[in-house]
Structures are given as structure tokens and as C-alpha cells.
Protein chains: 2
Amino acid sequence: MLHFSVKDMDAMHHLYRINLINSCSGYKSANLIGTKSSKGISNVAIFSSVTHMGSDPALLGFFLRPTTVIRNTYDNIKETGYFTINHVHESILEDAHHTSAKYDSAISEFDVTHLEEDYKNGFSAPFVKHSPVQMAMTYVEEYPIKENGTVLLVGAIKDLYIQDNLLENDGFINLSEAKVVSINGLDGYALPKLKARLEYQRPKDLSSIKI
Amino acid sequence: MLHFSVKDMDAMHHLYRINLINSCSGYKSANLIGTKSSKGISNVAIFSSVTHMGSDPALLGFFLRPTTVIRNTYDNIKETGYFTINHVHESILEDAHHTSAKYDSAISEFDVTHLEEDYKNGFSAPFVKHSPVQMAMTYVEEYPIKENGTVLLVGAIKDLYIQDNLLENDGFINLSEAKVVSINGLDGYALPKLKARLEYQRPKDLSSIKI
């Protein structure tokens, strides 16, 4: 196996390091976060760090750098308290990736891509039309990460919208059926195919084990 | 689209709710976290919340409930300061999933599965042999999440081991080539196939845009 120590990482070109460290956590979620500023300008940006934090209450979190690239998303959430999370699927992949470009806050990414904003049930932040899983989120809390100046932003799911054919009898959402993508590193997009759902695991009878 | 409000979620059977809310964040990483107790008993457990937090310093975080299921992992990390993160790939999938069973802390999951522990470069926590991406991690900090009693545990990457054929010229680790899996919900395992790496995005020339 190839081996990189901390010393090796510290000596790397920063772009090489960014690719390497962004790839090494495993596959990431691919989500578009939609917001609207207090001036009424909508924003949509791709994030790869949206993570399940708990089911009851239903909480999702994601990491951002409030002072750099994705300032619009952070500012809009802090101003309004609302945002949406929308899954990236195969047919909007290139436009979704383009939202990583750094536009001024006066520009809506909905105006410079084919992504379409959608509004539902009086929620003020824009959803991404045709996204197979869409959530209306309210701001709950932020946890500043002192080690690197990022912020863990925690939101609560208020409404969940799911494309009709994806929901199975026990509440499982079949993301593979929806052609939802997954992110490898900074810029790699992969299409997962569901292999199996495995059963709930209980300890084996240890008296009978010979491994 | 199907629509679930907070009220709908609150009225659901808890198993339905767990499946639903665990599926709605998108694809998750699939990692085995290896630890060793101060008494020398090794432990390995599957986690789906390992998330990239930053490249410099190289930090990964994951969420856990210190007082329930995955107590062994948490206790061992707090006792020793060390753990490993190992990617789950297709051929160890079922054993990896079995580590979610609740064994007593006196039992090592390495003894009740075909997963093999491996030790390298004097690091005290066990790696998972044959895992295509393996990391030696040191404990950095924990952030208690007051909304639901979970903890965000932050670790620093000290050593990174990568199967020889996976690393591309710019530092990108090709997880698809390694047959690393991704998790959908609580119990769905999907095998992603890399579709494309997309270019770094800059804003479009707005004077020429007609969308």
C-alpha cells in the first residue's frame, strides 16, 4: 500500500493535498442547498457534507466556511432561518456542479444555470425543481469548529418531499432508483447502484462460533 | 411528490421514521472504525457519518451516541486517544454490517467475523486488513450536540494508507476502482461507479448568458 505520513502531507502541493484529503473520507452526499437573502435574491450551492445527525428530532448538519466561498448560503440562512436541501441526480449534475463557482451575492445561480427554483406550501427558500428528494429546513444551531474556523450548521427537517416511486413500505427511500449521485473527492461524481439491504444484526451465539 | 410534514413524522411508527430520516440526507460513507481498549481488547464498528471537515489540518469528524450502542468505540477513543478509519469495500460488506450488532466490550468483533486486525508502524489501534483506504487517527476534540445528546468527534489524520492502484496523478483516490461501498439509509449498501470528474468552476461571462 502507498503510505503518506503527516510529514508527507505537510510537504505536498496544496492542490494535491486537497484532492487527497477530500477523497479519503469515503463517498459523500451530493446536495443543493437553496436559500433566499433578505433582499429577495435566491441562491443555490452544492454541498458534499450534509450528514444525518438524528431521526427524532429529525436533524441534518453540514460544514461550511462562513468567511469564504459559500458565504451567501451561510448569510442567507442566518438572516432568514430557512433553507432547503435537494438531492443531486444524474440529469442536473453539471449545473449542480457549476453552483460551486463564486458568484456575487447579487447573482442567483438559478439565473445562470438550467436549475429551476420552485416554491411550495408557503416556504420562503427555493427548492430545486425535479430534484427527487427535497426538504424544507429551519436553522437550529451552529457549532463553531475551533480547529479550522469552519462551522457545523444544524437544521431541522420541517417538510420532506419524495418522488413518488422511491419510497418503500418500511420508509426506506431508494436513492439508486432516483439516480441520485454521490461525490468522490472534490470533483468526482459517481452513480451508486443498490446492491442489498442487510438485516438488523444481533450478536452471534458465541458458544457455536468457529471462525 | 409524496409529502411528509413534521406532524406526519411525529405520527409515524418509530422504525418507519428511522428508515425515512436515515435515507433522506443522501448517500453516506461506509467506514469501519477500529479501536483498542486500555485492557487491550480490540473493537471494530461500522459508521456512516464520517465526514470531511478540512484538508489543512487534515480533519475528519463523525457523530456518535456516547451513552448507547457504540459506547465501546467512544470509550476506547477517549481512553487511548487513537482510532483507525477503514473503508468498507464489496468483499467485506456482510462482516462490516455485522459489526453493528451490540456485543459486550469484552468481545472483539474481529473474533466473531472474518475481518482481520492489522497493526502498522507502531500505531496501537487496529486497522482492518485488506481495506483499500486506511487511516491512523488521533483524537482532537469532541463537540456535544445539545439538541439530541450526540457528540461530533473530531480526529486528525496521522497516516494514510492507500491500495496501490487507486491514486491518480493529482492526489484523487478512485474509490470506484476499489469497489468501496456507500450507504443508503440504515441498511442499504450501494456500489458507486465513477461517472466523471468535473472541472473547477468559474463564473460565466454574464453578458453572454441566455438561459
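**A predicted two-chain model, starting from a loop**

Lys179(B) sits in the loop of chain B that runs between β11 (150–162) and β12 (182–184). Helices (H or I, at least four residues) and strands (E, at least two) are DSSP runs, numbered from the N terminus. The model is predicted: local features need pLDDT of at least 70, side-chain atom pairs count only at pLDDT 80 or more, and totals for chains, interfaces and linings use all residues. Residues are numbered from 1 along each chain as its sequence is written, while chains are lettered from A and ligands numbered from 1 in the order in which they are written.

Lys179(B) is not a glycine, yet its phi is positive, about 55°. Most residues other than glycine have a negative phi, and most peptide bonds are trans. Lys179(B) counts as partly exposed because 16 other C-beta atoms lie within 10 Å. A residue is called buried if 20 or more other C-beta atoms lie within 10 Å of its own, exposed if 12 or fewer, and partly exposed in between, with C-beta atoms placed from the backbone.

A positive phi is also found in chain A. Asn121(A), a residue other than glycine, has a phi near 50°, and its place is the loop between β8 (117–118) and β9 (127–128) of chain A. Asn121(A) is exposed, because it has 11 C-beta neighbours inside 10 Å.

The next backbone feature is the cis peptide bond. In chain A, Asp56(A) and Pro57(A) are joined by a cis bond with an omega of about 5°. Pro57(A) belongs to the loop between β5 (51–55) and β6 (58–64) of chain A. In chain B, the bond from Asp56(B) to Pro57(B) is cis, with omega near 5°, and Pro57(B) is in the loop between β5 (51–55) and β6 (58–64) of chain B.

How are the two chains related?

Where the chains meet, 94 residues of chain B are in contact with 95 residues of chain A. Strand β13 (residues 188–197) of chain B gives the largest share of the side of chain B that touches chain A, namely 10 residues. By class, that side has 48 nonpolar, 29 polar and 17 charged residues. Contact here requires that the C-beta atoms of two residues, placed from the backbone, lie within 7 Å. In the classes, Ala, Val, Leu, Ile, Met, Phe, Trp, Tyr, Cys and Pro count as nonpolar, Asp, Glu, Lys and Arg as charged, and the others, Gly among them, as polar. The copies meet through the same surface, because 100% of the interface residues of chain B are also interface residues in chain A.

Strands of both chains join in an open sheet of six strands, with the order β2(A)-β12(A)-β13(A)-β13(B)-β12(B)-β2(B) and antiparallel pairing. At its edges stand β2 (28–29) of chain A and β2 (28–29) of chain B, each with a single partner strand, so one side of each has no neighbour in the sheet. Two strands pair if DSSP finds at least two bridges between them.

Within this sheet, nine bridges link strand β13 (residues 188–197) of chain A to β13(B) in the antiparallel sense. Pro192(A) stands opposite Pro192(B), and Tyr189(A) stands opposite Ala196(B). β12(B) and β13(B) pair antiparallel over three bridges, with Ser182(B) opposite Ala190(B). The hairpin of β12(B) and β13(B) has three residues between the strands, and Gly185(B) takes a positive phi near 75° there.

Another pairing between the chains involves strand β11 (residues 150–162) of chain A and strand β1 (residues 2–5) of chain B, which run antiparallel and are joined by four bridges. Here Asp159(A) stands opposite Ser5(B).

Tyr103(A) lies in the loop between α4 (93–98) and α5 (109–112) of chain A. Is Tyr103(A) buried or exposed? Tyr103(A) counts as buried because it has 20 C-beta neighbours inside 10 Å. Leaving aside residues up to four places away in sequence, Tyr103(A) touches Glu109(A), Val112(A) and Pro203(B).
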